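I opened this entry to keep a record of what I looked up, going from the core to one helix and then to the pocket.

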Amino acid sequence: MFEGKQFTINEVGITGNQRVDDEVIRRELYTRPGELYNRSLLMQTIRTLGSMGHFNPEAVMPDIKPVTND
């Protein structure tokens, strides 16, 4: 098994939210800016947001955009 270079999370944006204050959502995140990307923590965040009851669990979808330093 070969893994590529690790990368950090630059920013976490919240879009389409009309019901809940963004701070309430950010409080439930397991992935935060400045930390290394961890797929299992991202999946845990998606499960947590889906179980809050404020969102359609099928609509909670990360939009991951890799950024290079070039």
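**Core, helix and pocket**

I began with the largest nonpolar core, which in this predicted model is made up of seven residues, namely Val 20, Ile 25, Leu 29, Leu 42, Ile 46, Leu 49 and Val 60. When I asked which element gives this core its largest share, I found that α2 does so, with three residues. I noted alongside this that nonpolar side chains tend to be buried together in soluble globular proteins.

I then followed Leu 49, one of the core residues, and, setting aside residues up to four places away in sequence, I listed its contacts as Ile 25, Glu 28, Leu 29, Phe 55 and Val 60.

Next I turned to Thr 48, which is placed in helix α2.

Last I looked up the largest pocket, for which I wrote down a volume of about 1,300 Å³. Its lining comprises 39 residues, and those that lie nearest the centre are Glu 11, Val 12, Gly 13, Asp 63 and Ile 64. Sorting the lining by class, I recorded 18 nonpolar, 15 polar and six charged residues. I also checked where the largest share of this lining comes from, and the entry reads helix α2 (residues 39–51), with four residues.

Terms used
Residues numbered from 1 in each chain as written. Predicted model: local features only at pLDDT ≥ 70, side-chain atom pairs only at ≥ 80, totals over all residues. Heavy atoms only, no water. 1 Å grid on protein atoms, 1.4 Å probe; cavity = no way out; pocket = protein on both sides within 12 Å on 5 of 7 lines; lining within 4 Å. Points joined across faces, edges and corners; volume = space filled by probe spheres on them. Helix = DSSP H or I, 4+ residues; strand = E, 2+ residues; numbered from the N terminus. Nonpolar A, V, L, I, M, F, W, Y, C, P; charged D, E, K, R; others polar. Core = buried A, V, L, I, M, F, W, Y, C linked by side-chain atoms within 4.5 Å. Buried < 20%, exposed > 50% of the residue type's maximum accessible area, 1.4 Å probe, protein only. Contact = heavy atoms within 4.5 Å.
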